[in-house]
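Subject: Structure for you to look at

Hello,

Here is the structure I promised to send. Please open it first, then read my notes below.

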Amino acid sequence: IMWTMLGMTTLPHIGGFLGGLITRSEVKTWYTTIRKPSWRPPNAAFPVVWTCLYTGMGYGSYLVYKELGGLTEDAVVPLGLYGLQLALNWAWTPIFFGAHKLKWALVEIVFLTGTVGATMVSWYPISRTATLLLAPYLSWLCLATALNYCIWRDNPEKKDN
């Protein structure tokens, strides 16, 4: 059980780490050339925030897994939604920082935010603690969605492919 908890808590960090490899170079190059709102968080805040958010969501998934007795039939929806939001989370960075597709990143993050909301609704009857562990994540996604929108609005793409 200890290894399951550690594995599920660590899992979200894998995509975060891989996304960080893309982001690291783009933040110093492309990202400096685009217009961003004055209220955006400092670049140094993002790795700290994401470390906390990934840890919270990972541990929350473990609480749901444990409460439902593992990968049971009852776990299909709550852990399936969790897996979907995690895949959407990991996909955002390559779209925004890798491909520089600001509009598609915005569409994607709206779906991600909705999926996190749905995950929270599905988790609530199982574990309120797990649900609350996703609350800072949902809040951050609202900020990130607004940031993505402003960057898209203020940086018109030359040609949409």
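**The pockets**

By class, 21 nonpolar, 11 polar and 1 charged residues make up the lining of the largest pocket. Here Ala, Val, Leu, Ile, Met, Phe, Trp, Tyr, Cys and Pro count as nonpolar, Asp, Glu, Lys and Arg as charged, and the others, Gly among them, as polar.

Before going on, note that this is a predicted model: local features need pLDDT of at least 70, side-chain atom pairs count only at pLDDT 80 or more, and totals for chains, interfaces and linings use all residues. Residues are numbered from 1 along each chain as its sequence is written, and side-chain values use heavy atoms, with hydrogens and water left out.

How is empty space found? Rolling a probe the size of a water molecule over the atoms shows where empty space is left. A pocket is an open set of points on a 1 Å grid over the protein atoms alone, where a 1.4 Å probe fits, with protein on both sides within 12 Å along at least five of seven lines; lining residues have an atom within 4 Å of a point. Grid points are joined across faces, edges and corners, and a volume is the space filled by probe spheres set on the points.

The largest pocket has a volume of about 850 Å³. It is lined by 33 residues, and T23, F46, P47, W50 and F97 are the closest to its centre. Which elements give two or more residues to this lining? They are helix 1 (2-28), helix 3 (45-67), helix 4 (76-98), helix 5 (102-123) and helix 6 (128-154). Helices are DSSP runs (H or I, at least four residues), numbered from the N terminus. Helix 1 gives the largest share of the lining, 9 residues.

The second largest pocket holds about 180 Å³ of space. Its lining has 10 residues, and the closest to the centre are H100, N155, P156, E157 and K158. By class, this lining has 4 nonpolar, 2 polar and 4 charged residues.

**Helix 3**

Does the length of helix 3 agree with or differ from what its residues should span? The end C-alpha atoms of helix 3 are 33 Å apart, which agrees, because its 23 residues should span 33 Å at 1.5 Å a residue. The expected span is 1.5 Å times one less than the number of residues.

The buried residues of helix 3 are W50, L53, Y54, G56, M57, G58, G60, S61, Y62, L63 and V64. Buried means under 20% relative accessible area, exposed over 50%, and partly exposed in between (1.4 Å probe, protein chains only). Just after helix 3, G69 takes a positive phi of about 75°.

**Helix 4 and what follows**

Helix 4 has 23 residues. From first C-alpha to last it reaches 32 Å, close to the 33 Å expected. Its buried residues include P78, L86, N89, W92 and F97.

Start with N89. At 5% relative accessibility, N89 counts as buried. Its contacts (heavy atoms within 4.5 Å) are W50, Y54, M57, E108, L112 and Y137, not counting residues up to four places away in sequence.

P78 also sits in helix 4. P78 counts as buried, at 4% relative accessibility. With the residues up to four places away left out, P78 touches V64, L68, T119, S122, W123 and I126.

L84 is in helix 4 too. L84 is partly exposed, with a relative accessible area of 43%. L84 and T115 are 31 residues apart in sequence and 7.4 Å apart in space, C-alpha to C-alpha.

Now look at H100, in the loop between helix 4 and helix 5. Phi of H100 is near 60°, a positive value in a residue other than glycine. H100 is partly exposed, with a relative accessible area of 26%.

S122 is in helix 5. At 16% relative accessibility, S122 counts as buried. A polar atom of its side chain lies 2.9 Å from the backbone oxygen of T119. Leaving aside neighbours within four places in sequence, S122 is in contact with V77, P78 and L81.

T33 lies in helix 2 (residues 30-33). Is T33 buried or exposed? T33 is exposed, with a relative accessible area of 61%. The backbone oxygen of W30 lies 2.6 Å from a polar atom of the T33 side chain. T33 and N155 are 122 residues apart in sequence and 9.9 Å apart in space, C-alpha to C-alpha.

Best wishes

Conventions:
Polar contact = N/O pair within 3.5 Å; in protein donor to acceptor, adjacent residues only side chain to side chain.
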